Amino acid sequence: MTHFAGFRPSLAFHTNILTIFPGFQPWSLPKLARWAVEQGFAGLEVGPAVPLKPADFAEARRIGAQIFCLTYGRNVLAGDPDERALHQHNVLERLRFAGGEGIPLVVLATGRAPGKSLRANLPDVVAWFSEQVLPLARAGNVTVAVENCPAVGNIATSPAMWHELFDKALPDLNLTFDPSHLVWQFVDPYAAVRDYAPRVRHVHVKDTRVDRDRLAREGIDGDGWWRYTLPGWGELNWATLLAELQRVEYAGCLSIEHEDAVWDRSEGQILQSLLLSKRYLEQFLADPVDVPAVEAVAPEKVAGVKPI
């Protein structure tokens, strides 16, 4: 008997929704870990509001939660020198912390200097990663993956820019894939993941709804014609996206990044929506099976077919 798990990525959620966005007391890392494990999540993606306290991370692991990554999506090339220095310091601190704690992945934004186009930012981005980020990551045996969110000071926002970063300039850099951002940019998310699935080390799970009637009136510079939603409540075909990840034997987790304003009005709603998102994803993940041993009887004898 052989046990076959197959393609079944671990399910996690981003801590931001219970530490940054709500109007209630932020949850501690041990509290987050305890609830996650009790509800069947494998672990957590730890965002920037969670203090880097070794004792809390040790307690989260004791509870049984895996720490899949540390995430810091802030503009390390901000125009204000103090802001820029703060974010760069925090990135390097997280890289050192991840290396010391055995956390395998750090998720970052590239940074983007104001007033410059995406490509005009490439020299500064490449210098920052090649001179400071990636050497420190290699020393701590940590993988770095940049996310594709346009809102956090970032140039890794499209397949064209992934080509500039991954294929040409920084072969050690990887991708955190969030298809929800591609929807409202009108970038094909299925072609994007098909082309760059081998680079994907982390996946943010959220969806985007487009109000096309409002878009037709407002235009792309107008307000309110798109919003983030729970997975399955927007435009995306998650079966197609996950099939592309299965094709390359994606080994990371699926991390629910809750940013749906319809589902964040209370702690109860947030917890319900995390569980709804988990249940939605599970329909695409096959259960493990036990494969019986090979039968001794030749197939042609069982079928009554004579060899030629």
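Let's start with A137, which is buried, at a relative accessible area of 1%; buried here means under 20%, exposed over 50% and partly exposed in between, using a 1.4 Å probe and protein chains only. A137 belongs to helix α5, residues 122-139. Helices (H or I, at least four residues) and strands (E, at least two) are DSSP runs numbered from the N terminus. Setting aside neighbours within four places in sequence, A137 is in contact with L95, V142 and V144, where contact means heavy atoms within 4.5 Å.

A quick word on the model. It is a predicted one, so local features need pLDDT of at least 70 and side-chain atom pairs count only at pLDDT 80 or more, while totals for chains, interfaces and linings use all residues. Residues are numbered from 1 along each chain as its sequence is written, and side-chain values use heavy atoms, with hydrogens and water left out.

Now, the whole protein. There are 12 helices and 12 strands. Of the 308 residues, 47% count as buried. Among contacts between residues at least 6 apart in sequence, 75% join residues at least 24 apart.

On to the aromatics. How many aromatic pairs does a search of the whole structure find? The search finds 12. Rings of Phe, Tyr and Trp (its six-membered ring) pair if their centres lie within 6.5 Å; planes under 30 degrees apart count as stacked, over 60 as edge-to-face and the rest as tilted. One of the pairs is F186 with W225, stacked at 5.8 Å centre to centre and 10° between the planes. This pair links distant parts of the chain, 39 residues apart: F186 is in the loop between α7 (179-184) and α8 (189-196), and W225 in the loop between α9 (212-218) and β10 (226-229). F186 is partly exposed at 47% relative accessibility, whereas W225 is buried at 3%.

Then look at Y280 and F284, an edge-to-face pair with 5.4 Å between centres and 80° between planes. Y280 counts as partly exposed at 22%, and F284 as partly exposed at 26%.

Last, two lysines. The charged end of K31 sits over the ring of W27, 4.4 Å from its centre; that takes NZ of Lys or CZ of Arg within 6 Å of the ring centre and within 35 degrees of the ring normal. K206 lies over the face of Y228, 4.7 Å from the ring centre.
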